[in-house]
Structures are given as structure tokens and as C-alpha cells.
Amino acid sequence: MNTIKVVENGVQAKREIDDLIMQGYSKNEIYLLAHDKNRSEDLSDSLDIKDIGVAEQGVLESVANVFRTRGDALRAKLESLGMSPLEAERYEEELDRGKVVVVAGKSA
């Protein structure tokens, strides 16, 4: 089961990440997404949060994301974290509105 937070900006994202760490999540179990790829990378780097990559998605999905629209790639990334297609679509709509999505999930 994932813990998902939708926030407005990096300051709120940091607050949520700190709270998740206090709840027992490690930084390797927390992911951050923004609709703009540069914003997502900048926030992940500055907050020292892991990017959703090959380990989470697998090689084929990661390569496929290169050819997908940003929205399709975001939904695929969200689904790789265990969300249903409907949940992924809902959160991708939040990303379309300029929000930031923070996802934490316990490693198996």
C-alpha cells in the first residue's frame, strides 16, 4: 500500500517527505513527480529523493517512456509503483494542474 500526497510546491513536498521519513520510510522508498520533467528532476535532486527508473519500471517500460508523451510516461511510472490505471490517471491530472505528487511505498 502506497502513501500518496499531492502538494503545491517543493517546500510542501519537503515537509511531506520529512513526515514520511518520521513515519519510518527511507529515502529509497519515496518518489516525487511533477509534470515538467526538469521540475521533477530538480526537486528530486534538491530533496535527495530517488527517481522512478529501471529498478521500479523494468527495462522495457523505461525504454518505452522515451517514446511516450509526458502524460503517458507519468501514468506508466505511477502504475510501476503499484497504482491502478485509474489511480494513475487521477494523479496525472493533478500533475497537469501543476501539483507535485509524493509517493512512498515500503520495499518488499
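A nonpolar core is a set of buried Ala, Val, Leu, Ile, Met, Phe, Trp, Tyr and Cys residues joined through side-chain atoms within 4.5 Å, where buried means under 20% relative accessible area with a 1.4 Å probe and protein chains only. The model is predicted, with local features needing pLDDT of at least 70, side-chain atom pairs counting only at pLDDT 80 or more, and totals for chains, interfaces and linings using all residues. Residues are numbered from 1 along each chain as its sequence is written, and side-chain values use heavy atoms, with hydrogens and water left out.

**View 1. The protein chain and its elements.** Helices (H or I, at least four residues) and strands (E, at least two) are DSSP runs numbered from the N terminus; the protein chain has 6 helices and 3 strands, which follow the order β-α-β-α-α-α-α-α-β from the N terminus on. Of its 108 residues, 40% are buried.

**View 2. The largest nonpolar core.** Among the 13 residues of this core, Ala13, Ile17, Ile30, Leu32 and Val102 touch the most other members. Helix H1 (10-22), strand E2 (30-34) and strand E3 (100-105) are the elements that each give two or more residues to this core. Apart from it lies another core, of 11 residues, including Tyr31, Leu81, Ala88 and Val101.

**View 3. Surroundings of Ile17.** With contact taken as heavy atoms within 4.5 Å, and leaving aside residues up to four places away in sequence, Ile17 touches Ile30, Leu32, Leu47, Ile49 and Val102.

**View 4. Helix H5 and the residue Gly82.** Within helix H5 (residues 70-80), the buried residues include Gly71, Ala73, Leu74, Ala76, Lys77 and Leu78. Just after H5, Gly82 adopts a positive phi of about 100°.

Terms used: Buried means under 20% relative accessible area, exposed over 50%, partly exposed in between (1.4 Å probe, protein chains only).
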